[in-house]
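Subject: Structure handover and findings

Hello,

I am passing on the structure we discussed, with notes on what turned up in it. Please read the notes alongside the model itself.

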Amino acid sequence: MAGDPLISTDAILRWSYDVGIFGFMNSRWGWPTVESVHFIGLALLVGCVGAFDLRMMGVARGLSMKALHRLVPFGVLGFAMNAGSGFLFFTAAPAQYLYNPAFQLKALSMLIAGLNMMLFYATTAKAVVAMTPEDDAPLAAKIIAGVSLASWIGVITFGRLLTFFRPPYHWCFWC
Amino acid sequence: MIAIFAWIEQTPLSIFMREDLWAFPVTLILHSVGMGMLAGGGMVIGLRVLGVAKGARLELFAKFIPVMQAGFWLAFVTGLLLLSAYPAKALTNWVFALKFVMLGAAGLLVRAMAKRVLPAGAASPDWARWVAGASLVAWAGAITAGRFLAYTNHMLLVT
């Protein structure tokens, strides 16, 4: 896109074409297949991380937090599926995402979710994992859980809004 | 059949869903969130029955079922609204029917687990893992069919 001092969408597209991603994503069933992977990943992510967050907020007391934490790697698997499929979407049509305000807000929500998660592991995680199954989590943990749920629902929301803010919307605050 | 589609498409609700700027996007977002709650919860229960997070008491996973039910109703009501916007598009598409076959299978499998597997706790029947695995496949299938139906429709509107 002309006028972007940081990123060359042409270069991204050329690479995508050369490695075959562009061709696959524009084939008859390429895009819907990758979208299906993306949605399955989101269900896995929101389900596993959501269950952990809900328990942390007090739902289903009696469940061991330490044991529930074993679900989180499956949530990470879901995230990895989405990062991979997201990479394919992005490289096949970079301008549709880069300058899309919905995508920028989606990325911001993911950043908040990520920072929130790092905060959890840096602060209250040890206390939470040491909880007995009947315990109630500390307030700090509940707030972190709430932020986590809100930010992932935000990611879904902005993700769904993507198609409504495609070009000719062009929001380039770094241009 | 076409007459019924035409009639639905002319209702104020249908027109509103198609022509209002925010009606369709907001409904879609809520449909996706409901799907996340329903399928996500279903996957969590399926994973637990398969043996993930073994230290967490099996029977307590039933407490996530209300979350799934809330997700179901959210997805159902928003689904009806989406259907009212483009009835012909959905109901002439066999993939739409496939989605409900998958959802029905997933629902029956979760129900079987809720009734017979979760209450049994450590004394889970042997077939439990097969049912859990099948439910994960059914959720993935329902999600995939849901995605593909946006690409496999023969028509948009009859009017």
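Which element gives the most to the lining of the second largest pocket? The answer is H7(A), with seven residues. Bear in mind throughout that this is a predicted model.

The pocket

The second largest pocket holds about 360 Å³ of space. Its lining is made up of 19 residues, and those nearest the centre are A:Val49, A:Ala113, A:Met117, A:Ser148 and A:Trp152. Two or more lining residues come from each of H3, helix H5 (72–92), helix H7 (101–122) and H9 of chain A. Sorted by class, the lining has 14 nonpolar, four polar and one charged residues.

The two chains

Chain A has nine helices and zero strands, so that "α-α-α-α-α-α-α-α-α" is its pattern as defined by the DSSP runs. Its C-alpha atoms fill a box of roughly 55 × 35 × 25 Å along the principal axes. Chain B has seven helices and, again, zero strands; from its N terminus the order is α-α-α-α-α-α-α. The C-alpha trace of chain B spans about 60 × 25 × 20 Å along its own principal axes.

The interface

The contact between the chains draws on 34 residues from chain A and 31 residues from chain B. About 2,900 Å² is buried between chain A and chain B, and carbon and sulfur atoms give 82% of that area.

On the polar side, the count between chain A and chain B is two residue pairs in polar contact, both at pLDDT 80 or more. On the side of chain A that touches chain B, the elements giving two or more residues are helix H3 (30–56), helix H4 (65–68) and helix H9 (139–161) of chain A. H3(A) gives the most there, with 15 residues. That side of chain A divides into 23 nonpolar, six polar and five charged residues.

Salt bridges

Over all chains, the structure holds four salt bridges. One of the residue pairs to look at is B:Arg147 with A:Glu35: B:Arg147 lies in helix H7 (residues 128–148) of chain B and A:Glu35 in helix H3 of chain A, so the pair joins two chains. The N to O distance in this salt bridge is 2.8 Å, between the two side chains. Between chain A and chain B the count is one salt bridge. As background, side chains of opposite charge can pair when their charged atoms come close.

A:Val46

What is A:Val46 in contact with, leaving aside its neighbours within four places in sequence? The partners are A:Ala51, A:Trp152, A:Ile156 and B:Gly36. A:Val46 itself lies in helix H3 of chain A. A:Trp152 is 106 residues away from A:Val46 along the chain, yet their C-alpha atoms are separated by 7.0 Å.

Backbone geometry

Two places in chain A may be worth checking by eye. A cis peptide bond joins A:Pro167 and A:Pro168, with omega about 20°. A:Pro168 lies in the segment after H9 of chain A. The other place is A:Ala60, where phi is near 60°, a positive value in a residue other than glycine. A:Ala60 lies in the loop between H3 and H4 of chain A. For reference, most residues other than glycine have a negative phi, and most peptide bonds are trans.

Regards

Notes. Residues numbered from 1 in each chain as written. Chains lettered and ligands numbered in written order. Predicted model: local features only at pLDDT ≥ 70, side-chain atom pairs only at ≥ 80, totals over all residues. Heavy atoms only, no water. Contact = heavy atoms within 4.5 Å. Buried area = accessible area lost by both parts, 1.4 Å probe. Polar contact = N/O pair within 3.5 Å; in protein donor to acceptor, adjacent residues only side chain to side chain. Helix = DSSP H or I, 4+ residues; strand = E, 2+ residues; numbered from the N terminus. Nonpolar A, V, L, I, M, F, W, Y, C, P; charged D, E, K, R; others polar. 1 Å grid on protein atoms, 1.4 Å probe; cavity = no way out; pocket = protein on both sides within 12 Å on 5 of 7 lines; lining within 4 Å. Points joined across faces, edges and corners; volume = space filled by probe spheres on them.
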